[in-house]
Amino acid sequence: MRRAGRAESGSGRAFGIARAAYDVDVDYRHLELPYVRSADQDVAPPAHHRVVVVGAGPVGLTLAIDLARQGVPVVVLDDDCRLSVGSRAICFAKRTLEIWDRLGVGQRMVDKGVSWNVGKVYFQDGLVYAFDLLPESGHHRPAFINLQQYYCEGYLHEAAAALPDVDMRWKNRVVAAEKRPDHVLLTVETPEGPYRLQADYVVACDGSRSPLRAMLGLESRGRVFRDRFLIADVRMSAGFPAERWFWFDPPFHRNQSVLLHMQPDNVWRIDFQLGWDADPEEAKKPGNVVPRIKALLGEDARFELEWVSVYTFACQRMERFRHGRVIFAGDAAHGVSPFGARGANSGVQDVDNLGWKLALVLAGKAPERLLDSYGAERESAADENILNSTRSTDFITPKSAVSRTFRDAVLRLASDHPFARRLVNSGRLSVPATLSQSALNTPDRDAYTGAMAPGAPAADAPVRVDGRDDWFVQRIGGGFTVMVFSDDATPAPGVAAGLRALAQGPIPIASIVVVPAGAPQRAGEAEGLPQRTGVDVPRIAVVEDAQGMLARRYDARDGTCYLLRPDQHVCARWRSLDAIAVAAALARATCNA
Amino acid sequence: MAAMLNTEANIAAPDAFYEALIDTHRDLAPEQSELVNAKLILLLANHIGDLDVLRQAMAHARAGIVPQGVAPGEES
Ligand SMILES: Cc1cc2nc3c(=O)[nH]c(=O)nc-3n(C[C@H](O)[C@H](O)[C@H](O)COP(=O)(O)OP(=O)(O)OC[C@H]3O[C@@H](n4cnc5c(N)ncnc54)[C@H](O)[C@@H]3O)c2cc1C
């Protein structure tokens, strides 16, 4: 069944990975994960753990994989035994895919997911304009893929469960949390009764209603939108192209908006704005949903209703994401409107930011203060996401007569005037936050052009490693990396000595020397690429700037070097390598200065 | 320094401009006029382009007007 669906959807591009390793027939929508009794349930004083993650959604699972890969044992508690009910998040952005690549699960998501480039915007009974995203070339990952959240969670779960340092506990509901001076005490309810456990740190990834937040007497505040949306996932083999269609005020659904989006397995997401007065229970009844869909697809359309849900949303966040030993991430920490696909994407970026910091603090290599930088960096990222998604929401669902007039005026102008198309806002798709205000950044001493300022996520580019094609972003992350541009594949003795010294500090820095395409490499130099687990001592790697894009994107000359964080964000750069300056920037980026 | 909104006389033929503006709305129902005005604002705003200048214009336009309540449907 599943396999046939894949082939028809046209998403089954062949990638050179061992497909046999996956069970392609798993029905993730109905998978029941087993409750297994833990030894912790049989001990008298509560067992102690370093990190407990509450919630096995996309955010909690991503964090568990990241921590375990860094050698930090992690317990994951989830009150349920199922993956996401319904498709929920379907758009996963490039940055999220890069993070999952770093964790070894990105390729599988991309293999299964579908990409689209063409978007069409309709107003009333006509097409206003079509756009082609025409993604900039020279990036491994597309701007985003569409993939049902149950696949995303299923793949993350399989990757997490395969790691010996991840202890997954389904049907384990946290019912009480108590902050103690040197640990957090949790009470967990299971089918076999309650037990308690202690943790150095608890990361609350327990979703938008976050019971942990309530247990600590905390709130998430913001703007609640008085509007309801109906989501219908329909399975059909009809020949709709893989495009995103957005209607403002269409004849088949007057005064509201409708969105049509493709997912794998011939499943289509249709999103109807209903307005505040709609009765959610009535709206969900198939007898009411089917006519709406037929109005869109045509009377004769043949389709199967797969999932129907009615949702409302708020744009809100917690004032602070860190509360001592309890840290909030994902929907628990912040909420956005679905326009722009920022929910799951921003949550995955939260834990990308948190994972390495937590690992360093637990290893005694950085002070606890480093965890406050998680809060500061991700709170401002949340503000950016909330701002963007609020603006989209105000365009899509105007809140006053004049707002509606301007919205309609923009749409009318857009068919003839390109300037107005840029004002049409049917969701600004998730892009990663640039942490430009972060205290972990070392301010530039020299002048640069382009986007790779301290705080920016490292841009990708095609490279060659050992004669093979590869991608830059695949070669970094997990630990700190210093990237040195050099016209000569054999770094000057001073540079090589500096790089070796940096590799041997308490927080080792891996090195990547970027040379122009075709520069001769000494045999053996490209071996021993930096390990991304953070445990091995990194060595010097050499990559060729296959198309010169790295040098362009990083505004580099011979000698330019960048210090990249474990989460692949730039934190400092110089026009020439000075090991002492790099060490100082590392100290600053880890709060050891 | 940020550009300043020009509030000095800048239109060479003020009467002709004013007449054209009123003519633009001839025979239109009030809602149609609202739409035309909105389109006009958008076209002119794009021509100006500078957000600082546009913000100054918006502030001038609103100055001295006391809000008479919240539009229905405004969420809390
Ligand atoms: C209709 C819809 C469409 C969306 N579309 C998109 C999109 O296209 N792109 C995007 O990025 N995002 C989208 N989102 C948002 C996305 O689904 C969420 O942002 C994402 O699931 C948040 O992940 P999370 O891991 O933080 O929380 P969740 O996925 O909510 O996971 C929380 C987990 O915690 C568990 N839990 C709760 N309480 C306890 C407890 N007391 N003890 C133990 N476990 C507990 C829950 O069972 C759950 O498994 C959409 C959401 C909706 C509803």
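**Disulfides**

I began with disulfides, meaning pairs of cysteine sulfur atoms within 2.5 Å, and a search of the whole structure finds zero of them over all chains. Such a bond is a covalent link between the sulfur atoms of two cysteines. I then looked up A:C91: the closest cysteine sulfur, in A:C152, is 12 Å from its own, too far for a bond. A:C561 is in no disulfide either, and the nearest cysteine sulfur, that of A:C571, is 11 Å away.

A note for myself: this is a predicted model, where local features need pLDDT of at least 70 and side-chain atom pairs count only at pLDDT 80 or more, while totals for chains, interfaces and linings use all residues. Residues are numbered from 1 along each chain as its sequence is written, chains are lettered from A and ligands numbered from 1 in the order in which they are written, and side-chain values use heavy atoms, with hydrogens and water left out.

Are these cysteines buried or exposed? I use buried for under 20% relative accessible area, exposed for over 50% and partly exposed in between, with a 1.4 Å probe and protein chains only. A:C91 is buried at 9%, and A:C561 is buried at 0%.

**Helix α5 of chain A**

Helices here are DSSP runs of H or I with at least four residues, strands are runs of E with at least two, and both are numbered from the N terminus. The expected span of a helix is 1.5 Å times one less than its number of residues. For the 13 residues of α5 (residues 149–161) that gives 18 Å, and the end C-alpha atoms are 18 Å apart, which agrees. I found 10 of the 13 residues buried, so this helix is largely enclosed by the rest of the structure.

**Aromatic rings**

How many aromatic pairs are there over all chains? The search finds 25. Rings of Phe, Tyr and Trp (its six-membered ring) pair if their centres lie within 6.5 Å; planes under 30 degrees apart count as stacked, over 60 as edge-to-face and the rest as tilted.

I picked A:F248 and A:F395, whose ring centres are 5.6 Å apart with planes at 80°, so the pair is edge-to-face. A:F248 lies in strand β13 (residues 243–248) and A:F395 in helix α10 (residues 369–396), so the pair ties together parts of chain A that are 147 residues apart in sequence. A:F248 is buried at 0% relative accessibility, and A:F395 is buried at 12%.

A:F485 is buried at 5% and A:Y554 at 0%.

I also noted a cluster in which ring pairs link A:F225, A:F229, A:Y311, A:F313 and A:F339.

**Charges over rings**

A charge sits over a ring if NZ of Lys or CZ of Arg is within 6 Å of the ring centre and within 35 degrees of the ring normal. A:R573 lies over the face of A:Y448, 3.8 Å from the ring centre. The charged end of A:R325 sits over A:Y201, 5.3 Å from the centre of that ring.

**Chain B**

Last, I turned to chain B, which has three helices and zero strands. Of its 76 residues, 9% are buried.
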